[in-house]
Amino acid sequence: DRAVQRRSVDDLARRVLHKESGSSTSYSPRAKSIGLTPLNVGVLHVSPHVRQFPLLTNGGLDYTPDTFDLSNDRDEWNYWIDAINDGVSSLAKRACASAGETAEARRRSEAFGTAFSAHLEMVRADPCCYGRPSLSAILELREECLREFDFTDAYQVAKARENDAAMTVLPGLLNELEEARSRSEEMLPHLLLEGLLAGNVFDWGAKACVQLYEDGSILDIYKASQKNLSKPYAVDDSAAFVRAWHRQRAWMRTGGGRPAPWRRAIIFADNAGADVVLGVLPFCRALLGIGVEVVLCANRLPAINDITADEIRRDILPRAGLCADVFSHAYEKGVRLRDENGGRVPMAREWLLGYPPPL
């Protein structure tokens, strides 16, 4: 019985969490504040009023965030359960560090590890015990467990460290891109795409990155990753992208008298650190330089090492503006237009034509 299974795991977690404190509270103030019940597995959206992304086919009804269908592949399912379970101990340590490594934080991190590992063993034995088996559901379960034990951002310390390291080398990278552009206009979009892919290699979820972090600086790893990218890719639309890029440049140079090939780019940022700073920001800068409105999107709530929208607004963009005026000019213009239009940024001709010269 699923209800009995959940209660047994909840009881186990509460015993671990409160064995020393003697508290009878079964869930954290943070969990209460966002409406979560103890270990409420299966609630995939804390804000259920969020609308589907309008560009998804069929209104998003056919969309699934999972790359693999694990519902009929038990070996693959067990592989991912093992991979995620292997990281529980290190994640608990990160969570403890994010809360100051106090005695109370250690108790909560121990309770998180016990509860989440117990849930993983349950879904290993019965993949459908919490609904349709999927990797996204397991990852969301992990975040729910962290929030339940009052760890709102387990990777907070690591993200701040990686953001600082990436920001240190961002000016040099932007200068290198400018020098590359001056040598060959044709190569710039290729370099930007490779930069996006190379930046995304920096993922604390990838075991192969651990040794890279120990052996080289953040810029060294970024450049090495960029050199090691090899075609053919599983999906490669880069040729069509480059052709459209040059049409957009031509439109910008002629003064924008006809409809632009591109009006707005919606970019979904993934990881903190090198991914958003060394991969996404140079790409955004180049788009702004050819007259494209850029909407930079990120998660509202923390999830592993993903950058959040609040971190981009509060930390990333202000510091990026110190490296290149185009970031501060675009951000200030966006804020002004938003304030003048009741909280939303309209698509307007003056919004597209007011940027500095292209890279």
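Two strands count as paired if DSSP finds at least two bridges between them. With that in mind, I looked up the strands in this predicted model and found that E1 (residues 264-268) pairs with E2 (residues 293-297) in the parallel sense, over 5 bridges. Within this pair I noted that Ala-265 stands opposite Val-294 in E2. I then followed the chain and saw that E1, helix H12 (residues 274-289) and E2 make a right-handed β-α-β unit.

Next I checked helix H7 (residues 156-183), whose 28 residues should span 40 Å at 1.5 Å a residue, and the end C-alpha atoms are 40 Å apart, which agrees. I also recorded that H7 bends by about 40 degrees at Leu-170, with a proline, Pro-171, following within four residues.

Last, I looked at H5 (residues 103-125) and H6 (residues 135-148), which pack with their axes 10 Å apart at an angle of about 155 degrees.

Definitions and conventions:
Residues numbered from 1 in each chain as written. Predicted model: local features only at pLDDT ≥ 70, side-chain atom pairs only at ≥ 80, totals over all residues. Heavy atoms only, no water. Helix = DSSP H or I, 4+ residues; strand = E, 2+ residues; numbered from the N terminus. Right-handed = clockwise from strand over helix to strand, strands pointing away. Expected span 1.5 Å × (residues − 1). Bend = angle between axes of the 7 residues up to and from the residue. Axes fitted to C-alpha atoms, helices over the stretch in contact; angles between N-to-C directions.
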